[in-house]
Amino acid sequence: MTAPTATAHHHEERLWWHFFTFSTDHKVIGIQYLVTSFLFYFIGGSLAGVIRTELATPASDVVSPELYNQLFTVHATVMIFLWIVPAGAAFGNYLIPLMIGAKDMAFPVLNAIAFWLIPPGGILLMSSFLVGAPQAGWTSYPPLSLLTGKPGEFIWILSLLMLGTSSILGAINFMVTIWKMRIPRMDIHSMPLFCWAMIATSALILLSTPVLAGALILLAFDLMAGTSFFNPAGGGDPIVYQHMFWFYSHPAVYIMILPFFGALSEILPVHARKPIFGYRAIAYSSLIISFLGLIVWAHHMFTSGVPGWLRMFFMITTMIIAVPTGIKIFGWLGTLWGGKISFTTPMLFGMGLISAFLIGGLTGVMVASVPFDIHVHDTYFIVAHLHYVLFGGSVLGIFAATYHWFPKMTGRMYNEFWGRVHFALTFIGLNLTFMPMHELGLLGMNRRVAMYDPQFQNLNLLCSFGTLLLAISTFPFVINMVWSWLKGPQAANNPWGGLTLEWQTSSPPSIENFDELPVMTSGPYDYGLGGKKADFSFLKPKQRVMAASAEK
Amino acid sequence: MQSPTLNSTSTLNISSETAAHSEHPDLRMTGMAFFLVAESMIFLGLFAAFLITRSMVAVWQPEGSEVEILLPGINTIILISSSFVMNRGATAIKKNDEAGLRFWFGLTALMGAIFLGGQAYEYLHTPFGLTTSIFASFFYVLTGFHGLHVTFGLMLILMVLWRSRKPGTTLSISTSEWKPPSFTGTLWMWCGLFCSSWFICCNCKVGVAHPSNLRSPNIDYILSKTEIPKRDSPSFRVRAVRLHNTRREVLIGSSALRTGHCSRNWLNFWLSSKRY
């Protein structure tokens, strides 16, 4: 590929306060998304810290049970709607135009509107603590949600409607940008896999988020206007809410994981210096996951009294979804196999993702079977499963992507040593926190309880200790990121020797991304092919930074 | 056979497409299409909620919530036919006929306003309120949500009319990539589509899973044809014992697992519980 000449003066036009404005530049919006979602990650993480402190002892001694209910409800809502979903949108915004050689997204103003719905939505949600936060769990099942704290519940609904709107607007943008704005020579099968993943994610958002909006509107009427759409007291049916809610909230799992599956497909070939194994299989499996993801929702409702044939149908579709996911995992393992792996921080997080997500995926197949699910429903086994999927999958993926694209976003190189320390602490903390929860669930400890039987205390103490490790692990991360952004050595334009188009421009990219239209001379993953020796060897740490700043 | 042709054309096109790429492409119609997918899903979700609730309720419609069919029927027909009227307006734009544009779009706006007026009239004259029954709640929320969309569509039409007040507007509309009339028209036709489907959902008594006309006769039929085994017959005893064992297994299993009274090794327990 022809690399445009390295120009360092371009990014000087970008000043720090541009990140606090209604900017329509997709790169600014991407970083705004990412920093905002990380702030909410720390808020949600602090809530989790209080939850685990409470659960360190069997008695309810740190917070009252009512406050405990509020804590886990807001924790889940923040982590899903303000951390992982916006973080996926962050990388989508930052990377899609760069990867397809476009100057910006299709609708830059709409893009800025989509981002600026998130901070008010998040602040609105947090403000519910002032009037009594929602206590009905993030699922907010009626009639429970109609009985516990009206103002908090209504704030929760409004906040979710805002965040959902933001998500839909973002998805329209991703779809149209990928569909229409690729450089002329990039056909759909030479597109980076991250773009495939974002197509699948956006399709899911467009098809499922509106149904949640519909359910929330009806729930708001039940709550505030006294209708009884879901209230059995007035002839309504709470199961209808569960169907509508899970029609969004199961695909939401794929909305949260698919962008990072895509990011992983970018990261592994670069750091293993090998072409991706099974490009089309990985690309199409994203689409199959997003189709199957729409027809598995009732596996959350096996104990809600749904008819037997429906349980059977959803059990079978849920188990089938393991097939495309397995195809992806084998594709990644095939990419690693025999590669020249260099254990940089993004690669470590990427490999951590594969192993941790595998555990979450396997427990997912276990709870897909109706008899087993009836035993472990609403126990800590489910908590363990969902955290292995969302923390072990999405969060490790966010870290991998953050480290991988950090030099491109900021123009600086992060500190490799502290990155690896961060990975070690996170990975140990993750397994220490969530592995014992499997056992707790099988022993019969229910989820969403502030007090529990004293026999469960040892395992709970282990979980709480793991959470402490996770809390500690954020310090090297934050310090590393902030310090490197301000003072780190200047990164080379292509520090990893990547072949996708975002590495062909300067770091950070100029205002309109490319000084001249980039030209594809190879596929996105042609490492070690076509006799290009430079593509096969990984750049040494010294080559990753600009010559001038390396001397300092 | 095809590849040489394809290659040559794509090479030739690069320069022209490169030139086009330097300007920001106008993709608002594509965005509108994706937006309507999302909007349709809200309506489909609400319809599904309505139909499922309807199939669960024993008596439909609840007493005191009968809707009349004539006025909503006329209203629906007006809204749907306004889409065709609007299509004439779009044709007028292509022919660069400004008077035609103003006439047909004005007529569409008028028909939309009549529809909204009819809806307001209906709201004022229905014998039930929002919380009278679950049917009434669905009626107001769904028609209200649809009316909101029609209102937005009407505002867009009025904006097109406002832009057409200066001479030469039709020309600029038809030559630019961005076509407000077709944007508006898409939304308008979509409103008509969902209006008619709601009308059908609400009034059509046949063809939906309705307990009084579909499900119960079927169940009655099946029950009348099924031989229920006598209490002391061998087949009854086998089934009863099997049922009893299954229930016992599940009950013992779940309670033991939940309270932690079983062996700590859950796999052992799982296997041993099969003995019951």
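**Entry 1: before starting**
I'm working with a predicted model, so I keep that in mind for everything below.

**Entry 2: counting salt bridges**
How many salt bridges are there over all chains? My search of the whole structure turned up 4. A reminder to myself: side chains of opposite charge can pair when their charged atoms come close.

**Entry 3: A:Asp25 and A:Lys27**
Are the two partners buried or exposed? A:Asp25 has a relative accessible area of 9%, so I put it down as buried. A:Lys27 has 4%, which makes it buried too. The cut-off I used for "buried" is under 20%.

**Entry 4: A:Glu512 and A:Lys103**
Next I checked the salt bridge of A:Glu512 with A:Lys103, where the closest N and O atoms are 3.4 Å apart. A:Glu512 is partly exposed at 44% relative accessible area, and A:Lys103 is partly exposed at 27%.

**Entry 5: A:Asp378 and A:Arg447**
Here the side chains meet in a salt bridge at 3.8 Å, N to O. Which parts does this pair tie together? A:Asp378 sits in the loop between α13 and α14 of chain A, while A:Arg447 sits in the loop between α15 and α16, so the pair joins parts 69 residues apart in sequence. I also looked up A:Asp378 on its own: it is partly exposed, with a relative accessible area of 33%.

**Entry 6: the second largest pocket**
Then I turned to empty space. Rolling a probe the size of a water molecule over the atoms shows where such space is left. I got a volume of about 1,200 Å³ for the second largest pocket. Its lining has 38 residues, and A:Phe19, A:Ile31, A:Val35, A:Thr410 and A:Trp485 lie nearest the centre. The elements giving two or more residues to this lining are α1, α3, α14 and α16 of chain A.

Which element gives the largest share of the lining? I found that α1(A) does, with 10 residues. Sorting the lining by class, I noted 25 nonpolar, 10 polar and 3 charged residues.

Terms used:
Residues are numbered from 1 along each chain as its sequence is written. Chains are lettered from A and ligands numbered from 1 in the order in which they are written. This is a predicted model: local features need pLDDT of at least 70, side-chain atom pairs count only at pLDDT 80 or more; totals for chains, interfaces and linings use all residues. Side-chain values use heavy atoms; hydrogens and water are left out. Buried means under 20% relative accessible area, exposed over 50%, partly exposed in between (1.4 Å probe, protein chains only). Helices (H or I, at least four residues) and strands (E, at least two) are DSSP runs, numbered from the N terminus. On a 1 Å grid over the protein atoms alone, a cavity is a set of points where a 1.4 Å probe fits but cannot get out, and a pocket is an open set with protein on both sides within 12 Å along at least five of seven lines; lining residues have an atom within 4 Å of a point. Grid points are joined across faces, edges and corners, and a volume is the space filled by probe spheres set on the points. Ala, Val, Leu, Ile, Met, Phe, Trp, Tyr, Cys and Pro count as nonpolar, Asp, Glu, Lys and Arg as charged, and the others, Gly among them, as polar.
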